[in-house]
Amino acid sequence: MSLETNRPEIEVRGLHKSFGTNEVLRGIDLEIGQGEVVCVIGPSGSGKSTLLRCVNLLEEPSKGQIFVGGTELTDPDVDIDAVRRRIGMVFQQFNLFPHLSVTENLTLPQRRVLRRDKATAAKVAAENLARVGLAEKADAYPASLSGGQQQRVAIARALAMGPDVMLFDEPTSALDPELVGDVLAVMRMLAREGMTMMVVTHEMTFAREVADRVVFMDAGVIVEDGAPARVIGNPQHERTRHFLSRLL
Ligand code: ADP
Ligand code: MG
């Protein structure tokens, strides 16, 4: 029992990933504790999305081990669907079904994947729309919503599955600047509630204020991993300093 609760929620050991001859992840070791918020930063092409996609098994690791909630995802006998249900993922593109209402976007995966009955799925959908401040959009269609509202629907859809872990891949990068704040506010709320989160982002203010740790990746390795005040405020490596100086 105590062993179980002391284990990191996400554990990545010696992870390598190649596409053909292109080795994109070159030995990643990372532990994320329960309720911890880790922001992943780094230049374009450094392997941030690939890392996140490996943690969700959207990509198959070439080598190494990944554990989520103590279950080894890289075990060939693992029930991938069962593990994936515990991991919510939010992408830069919201990927809502355009022909379904907001509520239907939230109830469909609950019914298909979790086999929830209609009434339960609708109740959970309503609760999670309220959580992201969009209760009044329940019957709207995605095209009538702003990008920020669509992204909050995508977050609510992931939350409706009751995940233990949430992965975000540049959730605000496709949004007009004035819509970014509402999405970040929802993510702050989740962090406060104790959700375990791994967030690829260029939002340094968010990383400084919300993250417990910041991980800087470059060329498929973790160059720096530590408190935001250290990694962003006082980086130890030239590569980190160079990356941060270009963001300003
Ligand atoms: P980041 O998210 O940090 O910008 P990515 O993980 O998306 O980086 O990409 C890292 C490298 O992996 C890039 O060189 C990219 O072209 C390559 N890559 C990513 N996905 C694939 C894929 N499905 N097939 C081939 N190459 C890929
Ligand atoms: Mg990416």
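View 1. Thr 103 is a residue of helix 4, which spans residues 102–114. The structure shown here and in the other views is a predicted model. The side chain of Thr 103 comes within 2.9 Å of the backbone oxygen of Ala 138. Apart from neighbours within four places in sequence, the residues in contact with Thr 103 are Ala 125, Leu 129 and Ala 138.

**View 2. The residues around ligand 1.** The shell around ligand 1 includes Phe 19, Asn 22 and Val 24, and also the run Pro 43, Ser 44, Gly 45, Ser 46, Gly 47, Lys 48, Ser 49 and Thr 50. By class, three of the residues are nonpolar, seven are polar and two are charged.

**View 3. Polar contacts of ligand 1.** Which atoms of Gly 47, Lys 48 and Ser 49 lie beside oxygen atoms of ligand 1? For Gly 47 it is a backbone N or O atom, 3.1 Å from an oxygen atom of the ligand. For Lys 48 it is an N or O atom of the side chain, at 2.8 Å from a ligand oxygen. For Ser 49 it is a polar side-chain atom, with a distance of 2.9 Å to an oxygen atom of ligand 1. On its own, ligand 1 has 560 Å² of accessible area, and the protein covers 58% of this. Strand 2 (22–32) and helix 2 (48–55) are the elements that give two or more residues to the shell. Helix 2 provides the largest share, three residues.

View 4. Four strands make up an open, antiparallel sheet in the order 2-1-4-5. Strand 2 and strand 5 (71–72) are at the edges with a single partner strand each, so one side of each has no neighbour in the sheet. Strands of a sheet are held in pairs through backbone hydrogen bonds, in a parallel or an antiparallel way. Strand 1 (residues 10–19) and strand 4 (residues 63–68) are paired in the antiparallel sense by five bridges. Ile 10 is placed opposite Val 68 of strand 4, and Arg 13 has Gln 65 of strand 4 as its bridge partner. Helix 2 lies across strand 1, strand 2 and strand 4, and runs at about 120° to strand 1.

**View 5. The hairpin of strand 4 and strand 5.** Strand 4 and strand 5 run antiparallel and are joined by two bridges. Phe 67 stands opposite Glu 72 of strand 5. How many residues lie between the strands of this hairpin? There are two residues between them, and in this hairpin Gly 69 has a positive phi near 55°.

View 6. Six strands form an open sheet with mixed pairing, in the order 6-7-8-3-9-10. Strand 6 (87–90) and strand 10 (221–226) are its edges; each has a single partner strand, so one side of each is left without a neighbour in the sheet. On average, neighbouring strands of this sheet are turned by 15° against each other, direction ignored. Strand 6 and strand 7 (residues 165–169) run parallel and are joined by four bridges, with Ile 87 opposite Val 165 in strand 7. Helix 6 (residues 147–159) packs on the sheet and touches strand 6 and strand 7, with its direction at about 170° to that of strand 6. Helix 7 (residues 177–192) lies across strand 3 (37–41), strand 7 and strand 8 (196–200), and runs at about 145° to strand 8.

Terms used
Residues numbered from 1 in each chain as written. Chains lettered and ligands numbered in written order. Predicted model: local features only at pLDDT ≥ 70, side-chain atom pairs only at ≥ 80, totals over all residues. Heavy atoms only, no water. Near = heavy atom within 4 Å. Polar contact = N/O pair within 3.5 Å; in protein donor to acceptor, adjacent residues only side chain to side chain. Areas by Shrake-Rupley, 256 points an atom, 1.4 Å probe, with all protein chains shown as cover. Nonpolar A, V, L, I, M, F, W, Y, C, P; charged D, E, K, R; others polar. Pairing = 2+ DSSP bridges. Contact = heavy atoms within 4.5 Å. Axes fitted to C-alpha atoms, helices over the stretch in contact; angles between N-to-C directions.
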